[in-house]
Amino acid sequence: MKILGIDSSGMVASVAVVQDDVVIAEYTMNHKKTHSETLLPMIDEIMKTSETRMEELDAIAIASGPGSFTGLRIGAATAKGLALAIDRPIVPVKTCEGLAFNMWGTEGLVCPIVDARRNQVYTGLYKVLGQIEVIMDQIPMDIHELIGEINKYGKDNPQAAVTFLGDGVPIYENIIWEETEVPTKLAPAMMNRQRGASVATLGINLYKEGKYINADDFAPEYLRKSQAERVREINA
């Protein structure tokens with residue numbers, strides 16, 4: 001099975017081609033340019049350099065949200081366009097699960113935190129020793145409330161430990177160290193942001209479970225309204 005994985009849910013743009021248990025190609029960019037500038041050229045580059053034709057793909061896996069509203073829309077439009085062109089399904093991969101999958105084999109809890117501003121994060125709690133086990137499904141949450149949930153889990157599970165990753169870590173790092181009461185680690189650089197290879201690999205697992213959809217039916221999972229929508233409601 002061969003899948004193209006795309007993640008544009010945050011500042012990072014990352015795409016990968018994974019065949020079964022091998023990463024054939026991966027291209028990740030986290031530097032200034034917008035996803036509208038980088039995403040399609042990145043996909044074109046890895047397809048060319050890996051000598052992979054689009055028609056060889058069984059599906060396209062996409063980080064479905066939450067995350068940056070603009071990034072999710074660009075990723076969705078790109079994935080839908082490609083999937084429709086080659087008549088392949090889309091495998092939606094929850095952003096936080098894709099991030100957590102970077103830490104496959106980690107002991108204890110894995111906690112991705114994606115910055116949602118104003119002390120809010122998109123987050124979830126997972127175990128990823130094997131397949132992903134969802135302890136708390138992804139949700140928008142206050143950072144202090146999140147750490148309270150982790151501490152509560154630690155009281156019921158004395159051997160608990162937690163590894164944080166995601167673009168929210170540098171923003172809330174002081175709070176993490178000051179308030180977390182269980183043993184805590186921060187993921188290293190090569191694991192702490194979105195990776196197309198993780199999305200593609202998780203996408204293969206989900207595809208085999210029948211968790212894919214037609215391209216026409218795919219829509220990002222925002223989890224909350226955009227700032228513009230909230231402002232319009234206030235001014236209505």
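Before we start, a word on how to read the values: residues are numbered from 1 along each chain as its sequence is written, and side-chain values use heavy atoms, with hydrogens and water left out. Since the model is predicted, local features need pLDDT of at least 70 and side-chain atom pairs count only at pLDDT 80 or more, while totals for chains, interfaces and linings use all residues.

**Aromatic pairs**

A pair of aromatic rings is described by the distance of the centres and the angle of the planes. Rings of Phe, Tyr and Trp (its six-membered ring) pair here if their centres lie within 6.5 Å; planes under 30 degrees apart are stacked, over 60 edge-to-face, and the rest tilted. How many aromatic pairs does a search of the whole structure find? It finds two, and here they are.

| Pair | Distance of centres | Angle of planes | Class |
|---|---|---|---|
| Phe69 and Tyr222 | 4.9 Å | 10 degrees | stacked |
| Tyr207 and Tyr212 | 4.5 Å | 20 degrees | stacked |

Phe69 belongs to helix H2 (residues 69–86), whereas Tyr222 sits in the loop between helix H6 (196–208) and helix H7 (227–235), so their pair ties together parts that are 153 residues apart in sequence. Helices (H or I, at least four residues) and strands (E, at least two) are DSSP runs, numbered from the N terminus.

For accessibility, buried means under 20% relative accessible area, exposed over 50%, and partly exposed in between (1.4 Å probe, protein chains only). Phe69 is buried at 15%, while Tyr222 is partly exposed at 22%. In the other pair, Tyr207 is partly exposed at 21%, and Tyr212 is partly exposed at 36%.

**A hairpin of strands**

Strand E2 (residues 13–19) runs antiparallel to strand E3 (residues 22–29), and seven bridges join them; two strands pair if DSSP finds at least two bridges between them. Ala13 has Met29 of E3 as its bridge partner. Two residues lie between the strands of this hairpin, where Asp20 takes a positive phi near 55 degrees.

**Two cysteines**

If you are wondering about disulfides (a pair of cysteine sulfur atoms within 2.5 Å), the count is zero. For Cys96, the nearest cysteine sulfur is that of Cys111, 8.3 Å away.

Ile90 is in strand E5 (residues 90–93) and is buried, at 0% relative accessible area. Leaving aside neighbours within four places in sequence, Ile90 is in contact (heavy atoms within 4.5 Å) with residues including Ile60, Ile62, Ala79 and Phe218. Tyr212 is also among the contacts of Ile90, and this tyrosine is the one stacked with Tyr207. The C-alpha atoms of Ile90 and Ser68, 22 residues apart along the chain, are separated by 20 Å.

Where is Thr180 found? Thr180 is in the loop between helix H5 (169–179) and strand E10 (184–186), and counts as buried at 12% relative accessibility. A polar atom of its side chain lies 2.7 Å from the backbone oxygen of Ile176. Not counting residues up to four places away in sequence, Thr180 touches Ile147, Ile150, Asn151, Val162, Phe164 and Ile175.

Key: A polar contact is a pair of N or O atoms within 3.5 Å; within protein, one must be able to donate a hydrogen and the other to accept it, and residues adjacent in sequence count only if both atoms are side-chain atoms.
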